[in-house]
Protein chains: 2
Amino acid sequence: MSAVGVLGVGQTPYVTRRADVTFPELVREGALLALDDAGITMDDVDAVVFPLAPDALIGVGNGERWCVEALGAAGKPFMRVNNGGATGMSAVIAAWTHVASGMFDVVLVAGGERVSESGSAQSVLNKMWDVGYERPIPLNTITMLALSAVRYMHAHGADEADFARVTVKNRRHAALNPLAHLREPVTVEDVLASRVLAWPIKLGDACPSSTGAAGAVLVSERYARAHGLRPAWIRGIGQNTETFWMGDRVGPRMLADHGDADALAVAFERAYAMAGVTDPAGQLDVAEIYAPFSSVELHVIEAAGLCGKGEAPARLAQGDFALGAKGTIVNPSGGVLCSNPIAVTGVARLAEATLQVQGRAGDRQVEGARTAVASAIGGDHQFYASLVLSADLEDIA
Amino acid sequence: MSAVGVLGVGQTPYVTRRADVTFPELVREGALLALDDAGITMDDVDAVVFPLAPDALIGVGNGERWCVEALGAAGKPFMRVNNGGATGMSAVIAAWTHVASGMFDVVLVAGGERVSESGSAQSVLNKMWDVGYERPIPLNTITMLALSAVRYMHAHGADEADFARVTVKNRRHAALNPLAHLREPVTVEDVLASRVLAWPIKLGDACPSSTGAAGAVLVSERYARAHGLRPAWIRGIGQNTETFWMGDRVGPRMLADHGDADALAVAFERAYAMAGVTDPAGQLDVAEIYAPFSSVELHVIEAAGLCGKGEAPARLAQGDFALGAKGTIVNPSGGVLCSNPIAVTGVARLAEATLQVQGRAGDRQVEGARTAVASAIGGDHQFYASLVLSADLEDIA
């Protein structure tokens, strides 16, 4: 299998609203940042992969069509990938297969999110559940993950302060990231005192609805060598799917435990096996993981093998996973909790992981980072994707 | 580049309505037919690619999520591809990249369409146009292609009878295809006398709104050899995109001529270059091409290089392209004009091409066929995909 490199990445700042650009202009902004970072132009791009899901969030039907020319992509192969919140990383994986197939040397992943155009994001996201039994509960992404948080508390003895500490860490990181949406530092007390959305999830435990764009340029090993380039390298890829029905994830006859993230753990294991990672906590310097609510980050850290099940709260309380600590630093960008431009949140994870392993992450840089893992979650925690990156092909022996 | 084979294909009959199954059950039906044809089960499948676009046609938001378990795909990588009418073939191409990358040996493409759930398919499809200038005209797929048909008539001296002859040929073919939706033979006079939808397109020139499912199993050369299997082979892949705006395809300053299909011709050329096809009319036995209206088939035949621009009407009038004629037979299945299950229409083209090159197409078999080309069109004739297939890797010298 030929190696695939990440030659450049780009992200706009993530904000609540962008009234100064149309959706295609926004997407173009992110794409140009990625192309500039890669030192190439659209003329050098062989194919485009475009992440978007679901349409209704951006207030435009079939947004992919409007973006072809905004990207300068007319005349090139163009593929839209649509996997819920995992869409951005699924698009990166689709681009990886494009390059690894040997058919394309340079593939651009470029997309954007403009959730400010949706009057109620939750009423759009509610559509993902079974229409007969589950949608009317009413399930939405907040109530779904409140169920998971309660289960995590029950199984592992965690409490609301444990969740709040995730937010405190990520906001501290986001304060160092000029692109992050929520950058105001907060205390555990601030989070605990914030408005309850669906107990135990409070406003301080929740991601924002972000507008922004992100892009990445993937290249073949052949192209990188021919041009004397030093991209970051995608070393491992893992994907998995979980059961659709929430009713199968709770109760005494559950098929999967909604409090943990066992199906995501399989996606991580697949990426680790491909990359040769046998000791994630020892081999990985950075984790840019998809966790839109504070409670989710705890079980994703565990699924990634960075500590045992139920151990994340204590580790976090003793200062681990935060910038400056020893071991793997989790979400030095501030993560999804501080910026969630849904269609490109998975692209942003790749972008941040790339900047980290190349030592280009500015104030949020993890010192000496050479390796990273990134992940994404889509649908009702149904679609999972993960990537392992390294600075050189020699990293991860 | 390692070769990718088509080990099995499956299609349900295409009909107006299926009240006996839910959408996931329908998708499962097509998938099981493909798995059975391949002689494998879901246990043997490494990853799934799922074609669907747009959601509103099937009356369910995010239909991909509901289908994971219906396909038995929980625990496997799963990717939704969403490229308008090209979606089915784009999904096949995504599956091709999955296999060609070396990461997966067996990939299932499985999807379904249930357009009967949409009160008005055209009001859904109308969403694909520019909201400011073009949607209010009102553009829909019929009026868009009526503009193209008029331009074709003007440029190439064709008339309504030339279009009608396409329908006559395809209905004659569909009468031999037990899966086709519209199987009633018609005459040129019948078509000319049918109700005008948007002149010069009449009901007899238009595809039906079909409900049905289709699937295909793609395998690596390594897997085929290890198991002593003889799949059909995907020899060439081509994709291209056209300008989004209809206003840029008409008038004295047009960037592309809406009467022809020059951007699709590029997609064909790319597939031919990869496959080593230098004389399409001489080397290809079968063409299963995407043409939802009779007029479209004429310019797609020309874009595929099966005759020169403007020559298709005369060739058709003298009996070419029809079962029993010499040279390339076009749409022996009856084509999209007789069955259009949008999400899987591109999968159906692959399925029919596979059956033909393997001599398994029953009454619609093109005698001695060893090679085929297939194509799909998506959006407002914006996304193009094509494939070249052969029975053996030695075909197409």
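Buried, in this talk, means under 20% relative accessible area. Keep that cut-off in mind; it comes back several times. And a reminder: this is a predicted model.

A:His381 has 7% relative accessibility, so A:His381 counts as buried. Where is it? A:His381 sits in the loop between strand S11 (371-378) and strand S12 (383-390) of chain A. Its backbone deserves a look too. Phi of A:His381 is near 55 degrees, a positive value, and the residue is not a glycine. For context, most residues other than glycine have a negative phi.

B:Phe321 is not a glycine either, yet its phi is positive, about 75 degrees. This one lies in the loop between helix H12 (312-317) and strand S10 (329-330) of chain B. Buried or exposed, B:Phe321? Buried: the relative accessibility is 2%.

Now step back to the pair. Next, the interface. Of the interface residues of chain A, 100% are also interface residues in chain B, so the copies meet through the same surface.

On to the fold of one chain. Chain A carries 14 helices and 12 strands. Its C-alpha atoms fill a box of roughly 55 × 45 × 40 Å along the principal axes. For 397 residues, a compact globule would come out near 21 Å; chain A has 19 Å, which agrees. Buried residues make up 68% of the 397 residues in chain A. Then the contacts. Take those in chain A with a separation of 6 or more: 77% of them join residues 24 or more positions apart.

Surface and charge, quickly. The accessible surface of chain A is about 12600 Å², and 53% of that belongs to carbon and sulfur atoms. Chain A has 31 positive and 44 negative charges.

Next, cis peptide bonds. Most peptide bonds are trans. In chain A, the bond joining A:Ile137 and A:Pro138 is cis, with omega about 5 degrees. A:Pro138 lies in the loop between helix H4 (121-125) and helix H5 (141-156) of chain A. In chain B, look at B:Trp199 to B:Pro200. That bond is cis as well, omega near 10 degrees. B:Pro200 falls in the loop between strand S5 (196-198) and strand S6 (201-202) of chain B.

A:Ser118 is in the loop between strand S4 (106-114) and H4 of chain A. At 10% relative accessibility, A:Ser118 counts as buried. Leaving out residues up to four places away in sequence, A:Ser118 touches A:Ala56, A:Leu57 and A:Val124.

Then A:Asp44. Its loop runs between helix H1 (23-38) and strand S2 (47-51) of chain A. A:Asp44 counts as partly exposed, at 33% relative accessibility. What does it touch beyond residues up to four places away in sequence? A:Val106 and A:Tyr223. A:Asp44 and A:Arg17 are 27 residues apart in sequence, and C-alpha to C-alpha they are 32 Å apart in space.

Last stop: helix H11 of chain B, residues 294-303. How many of its 10 residues are buried? The count is 10 of the 10, so H11(B) is largely enclosed by the rest of the structure. Among them are residues with charged side chains by our counting, B:Glu297 and B:Glu302. The list also includes B:Val296, B:Leu298, B:Val300 and B:Ile301. What covers them? The cover includes helix H5 (141-156), helix H6 (160-174) and helix H9 (262-275) of chain B. H12, S10 and strand S11 (371-378) of chain B are part of the cover too. Just after H11(B) comes B:Gly305, with a positive phi of about 75 degrees.

That is the tour. Questions, please.

Methods: Residues are numbered from 1 along each chain as its sequence is written. Chains are lettered from A and ligands numbered from 1 in the order in which they are written. This is a predicted model: local features need pLDDT of at least 70, side-chain atom pairs count only at pLDDT 80 or more; totals for chains, interfaces and linings use all residues. Side-chain values use heavy atoms; hydrogens and water are left out. Contact means heavy atoms within 4.5 Å. Helices (H or I, at least four residues) and strands (E, at least two) are DSSP runs, numbered from the N terminus. The radius of gyration is taken over C-alpha atoms; the globule rule is 2.2 Å times the number of residues to the power 0.38. Buried means under 20% relative accessible area, exposed over 50%, partly exposed in between (1.4 Å probe, protein chains only). Accessible areas come from the Shrake-Rupley method with a 1.4 Å probe; for residues, only the protein chains shown count as cover. The place of a charge is taken as NZ of Lys, CZ of Arg, CG of Asp or CD of Glu.
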